[in-house]
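I opened my notebook to record, step by step, what I looked up in this structure.

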Amino acid sequence: MAIFVSKRLLRFGLLAGVCVALVLFLTSSSQTDQSSLSDLIPSMPKWSSPSLFGGSQSDSPLTAEEKDAEKLREETEKALLENHADPNAVPLDEQTMDQGAKALKDAAENLGEAGKAEALKDPAADSKKPEAIANPNNDPARDMETDPAAKSKALGSTWEFMAPSYAKKGQRPKACFVSLVRNSELSEILPSIKDVERRFNSKYHYPWVFLNDEPFTDHFKLKVTEAVSGEIEFGLVPKEHWSYPNFVDQEKAAEERKKMEEEGVIYGGMESYRHMCRFQSGFFWRQKALDKFDWYWRVEPSTKLYCDINYDVFQWMQDNEKVYGFTITIHEYERTIRTLWSTVKKFLNKYPSVISKDNLMKFISGDRGKTYNLCHFWSNFEIANLNFWRSPAYREYFNYLDQTGGFFYERWGDAPVHSIAASLFLPRDKLHYFSDIGYHHIPYDNCPLDDTVFTENKCDCDRNNDFTFQSYSCGVEYYDAQGMKKPQGWEKYRQ
Ligand SMILES: Nc1nc2c(ncn2[C@@H]2O[C@H](COP(=O)(O)OP(=O)(O)OP(=O)(O)O)[C@@H](O)[C@H]2O)c(=O)[nH]1
Ligand SMILES: [Mg+2]
């Protein structure tokens, strides 16, 4: 019996031992499996949030990627603070630095919590982007959709993005004239072309590109071809660049037009004017006919050139690393852009890295960004680099504005849209006032005040009509923002 019992005990003990050994083996092998799996999964990067004033909250050692993101954020915040300093001011002491930072912070906080939440919600997420429909492969911003660090970096420096088009200094720039024009405006565009040819292009023979939302007639083509001295190309604007995007409520747009017309707002009731402004803001630079060019000079019907231009302005822009050139500045009608600035501020709150160091904020805002002073470059004349508009920052900015429907519900002009971007996304030395180009677009003149320029360039304008320093102009704001010395006697032009 004892033997019998001990045999059973022995069998039980053996069985228990085998079970324990099995459990121990399984436990250790599952641990091994787990650790080898975790080796295969890379640790997720902990991106620091690129908020305006927030900081990184990671307390574990940073990876190389994290360090890059952190550096970018720091540079952005530093640039933001520096950007708002007065260019004429003595170096900032601690107190003024605090005020500068506070003003900027106030401007951002001015949005309120609801505004911030709205800013952080990507308006493009709700609807299709016009660019994505038009040409999904032609948008450098597309890779940035899922990678916040890549997005932040790519939007970061517009100037860096543009640098390749300045690599060939001294060589003839890839430049053209561009005119968006209707067939019915033939008799108004011809004198504009003839002036440009006579005063400038007969020496340089740059090509012309004519754009229209309808096919040009043979008669139009024949007449302008006779007038130009360089090559010529005609482009038909694709429908998706000149129609309502799906996110715009057309009934609401019609109601708003009616209201603005009743209030007597200039072009307030005009539908085509809104398509034109949206086109000039977000689509002219995407036209196939412009693909081969880096530079353009915009020429409108019924404009005049008052003086000879005896140097190659495109070459000058390229070789002096300028981006945007203008002749006239002016205030916008507030009624046409009621929500433009608050929308811009939401955009900046979302993408602070687009704001350039040493920008021209002072030209467009007298209170360091809190409000828009309505100043802009009059965009009926522009000599500029197309790659600025093609940059990821500008595309993102245009899409952001566009998704609000403001081009249709209000009457946002391409002039303030261009000017705000040029003033904020570029260092201010990239902008240039052509004080030497005598220019007229009804009803204002840019007439060179400098005696030598006036005489040598055979100007035929009346300097008493020069608009630069008149009160409705923004010449004073521009000179002050650039830290430029105003010409002697400028005060007498102020009315
Ligand atoms: N093809 C086409 N061109 C247009 C249309 N509307 C305006 N444009 C062009 O767009 C440019 C700006 O239009 P303008 O009517 O001159 O606008 P504006 O300069 O604000 O106003 P004005 O003071 O009347 O000159 C001009 O080159 C026009 O020829 C349109 O419906 N079709
Ligand atoms: Mg015009």
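The entries below go from the ligand to its surroundings and then to some details of the chain.

**Entry 1: the model.** I noted before anything else that this is a predicted model, and I kept that in mind while reading each distance.

**Entry 2: the shell around the ligand.** How many residues surround ligand 1? I found 14 of them, and the closest are L180, E185, N212, Y267 and Y273. I then asked which helix gives the most to the shell, and the answer was helix α11, residues 271-282, which contributes 3 residues.

**Entry 3: contacts and cover.** For E185, a side-chain N or O atom is 2.6 Å from an oxygen atom of ligand 1, while N212 has a polar side-chain atom 2.8 Å from a nitrogen atom of ligand 1. For Y267, the distance from a polar side-chain atom to an oxygen atom of ligand 1 is 2.2 Å. Taken alone, ligand 1 exposes 620 Å², and the protein buries 83% of that. I also checked the pockets, and the largest pocket is the space taken by ligand 1.

**Entry 4: salt bridges.** My search of the whole structure gave 20 salt bridges, and I looked up one of them, in which the side chains of E233 and K292 meet with an N to O distance of 3.0 Å. Because E233 lies in strand β3 (residues 232-236) and K292 in the loop between α11 and β4 (295-298), the pair ties together parts that are 59 residues apart in sequence.

**Entry 5: backbone details.** Where does a cis peptide bond occur? I found one joining I442 and P443, with omega about 5 degrees, and P443 lies in the loop between β11 (439-441) and β12 (444-446). I finished with S302, which is not a glycine but has a positive phi of about 60 degrees; S302 is found in the loop between β4 and β5 (303-305).

Definitions and conventions: Residues numbered from 1 in each chain as written. Chains lettered and ligands numbered in written order. Predicted model: local features only at pLDDT ≥ 70, side-chain atom pairs only at ≥ 80, totals over all residues. Heavy atoms only, no water. Near = heavy atom within 4 Å. Polar contact = N/O pair within 3.5 Å; in protein donor to acceptor, adjacent residues only side chain to side chain. Areas by Shrake-Rupley, 256 points an atom, 1.4 Å probe, with all protein chains shown as cover. 1 Å grid on protein atoms, 1.4 Å probe; cavity = no way out; pocket = protein on both sides within 12 Å on 5 of 7 lines; lining within 4 Å. Sits in = over half its atoms within 2 Å of the grid points. Helix = DSSP H or I, 4+ residues; strand = E, 2+ residues; numbered from the N terminus. Salt bridge = Lys/Arg side-chain N within 4 Å of Asp/Glu carboxyl O.
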